[in-house]
Amino acid sequence: MTPSQTYVFLVLFCVVGNILGNDKLEISQIQCMAHRDCLESQQCVDMKCADPCPGACAHNSYCQVLNHMPFCACPPGFVGNPFTGCTRQLLHTQCLENDDCPSDRTCVKQKCEDPCHDVCSGNNTSCQVRNHIPYCTCKQGFFGDPLTACNLQLDTQCLENDDCPLDRTCVKQKCEDPCHNVCSGKNTSCQVRNHIPYCTCKQGFFGDPLTACKVQHSIELYWVSGINIDKNNTWMWATTGKPFTFTDWIDDQPDNWNGKEHCLMIYKKDLGHIWNDVNCFSIIHYICEYYD
């Protein structure tokens, strides 16, 4: 036996002797004498194979064992010293996971992006995001599989006013008469033009159709072509565009009552005719100008 072999034998003899003399450690509990006796991901600690990572790295860092030795590093999106602590990298980084983004966005390559892009490919579909997850649904008035195609419901008449006739309005996917409970004034009637309801005085009445229309009695009312199109006191003839050179207003007129009287009418009183401004939607007689 060489001197070096004798030295190794004596060291091993002493170690084993100490183990056998220790009441707390039996020979069957010995797993290793050196690191190489353990897996590469373990170290020999107190003659047992253990993970060397616990306690080796600081906060927000991760540990990896290579050839029995622990190595610490900062995870993606973090910077710093893994032995003292890693911090989140804010430069050009909006997120590392979905919870870093608003609930209607998803974390994609450290950016908070809209997850609905090119998700719902079916016809007549829409996309909504709930808790970072995109969901495809059929648009209102359609049914089917939103991932392939959605079809118009059989009991659906319209989705917008243009789907209805001009005298109807789209209400809850039905073409309805928009005049219902619109004209609340007394002696008024409702007409629909291009889906929009308009209130007018009934024939033989005049006034504001939004409040009340009064009976004409024996007074004859006539439209003439006077207007104040700029909604101020400048009145002109609609046929020529020239301002008035003569007026015959009744007392305290024109008053532009309720801000809606922009047309000129005359009505017969005694032996003359008196001017008054009135709502342009009132239904009364009219006078035509004749050119020879």
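I began with the second largest pocket, which holds about 200 Å³ of space. I checked what a pocket is: on a 1 Å grid over the protein atoms alone, it is an open set of points where a 1.4 Å probe fits, with protein on both sides within 12 Å along at least five of seven lines, and lining residues have an atom within 4 Å of a point. A volume is the space filled by probe spheres set on the points, and grid points are joined across faces, edges and corners.

Before going on, I noted that this is a predicted model, where local features need pLDDT of at least 70, side-chain atom pairs count only at pLDDT 80 or more, and totals for chains, interfaces and linings use all residues. Residues are numbered from 1 along each chain as its sequence is written, and side-chain values use heavy atoms, with hydrogens and water left out.

Which residues line the second largest pocket? I found Tyr198, Cys199, Pro209, Leu210, Lys260, His262, Asn279, Cys280 and Phe281. By class they split into 6 nonpolar, 2 polar and 1 charged. For the classes, Ala, Val, Leu, Ile, Met, Phe, Trp, Tyr, Cys and Pro are nonpolar, Asp, Glu, Lys and Arg are charged, and the others, Gly among them, are polar.

Next came the largest pocket, at about 400 Å³. It has 20 lining residues, and Phe206, Gly207, Lys214, Glu261 and Asn276 are the closest to its centre. Its lining counts 9 nonpolar, 5 polar and 6 charged residues. Four strands, β17 (205-208), β18 (212-215), β21 (261-269) and β22 (272-279), each give at least two lining residues, and β22 has the largest share with 4. Strands (E, at least two residues) and helices (H or I, at least four) are DSSP runs, numbered from the N terminus.

Then I went looking for the largest nonpolar core, and its 8 residues are Leu221, Trp223, Cys263, Met265, Tyr267, Ile274, Val278 and Ile284. β19 (221-227), β21 and β22 each supply at least two of this core's residues, with the largest share, 3, coming from β21. Another core of 6 residues lies apart from it, including Trp235, Phe244, Trp249 and Leu264. A nonpolar core is a set of buried Ala, Val, Leu, Ile, Met, Phe, Trp, Tyr and Cys residues joined through side-chain atoms within 4.5 Å; buried means under 20% relative accessible area (1.4 Å probe, protein chains only).

Last, the whole chain: I counted 1 helix and 23 strands. Of its 292 residues, 27% are buried.

How values were computed:
Buried < 20%, exposed > 50% of the residue type's maximum accessible area, 1.4 Å probe, protein only.
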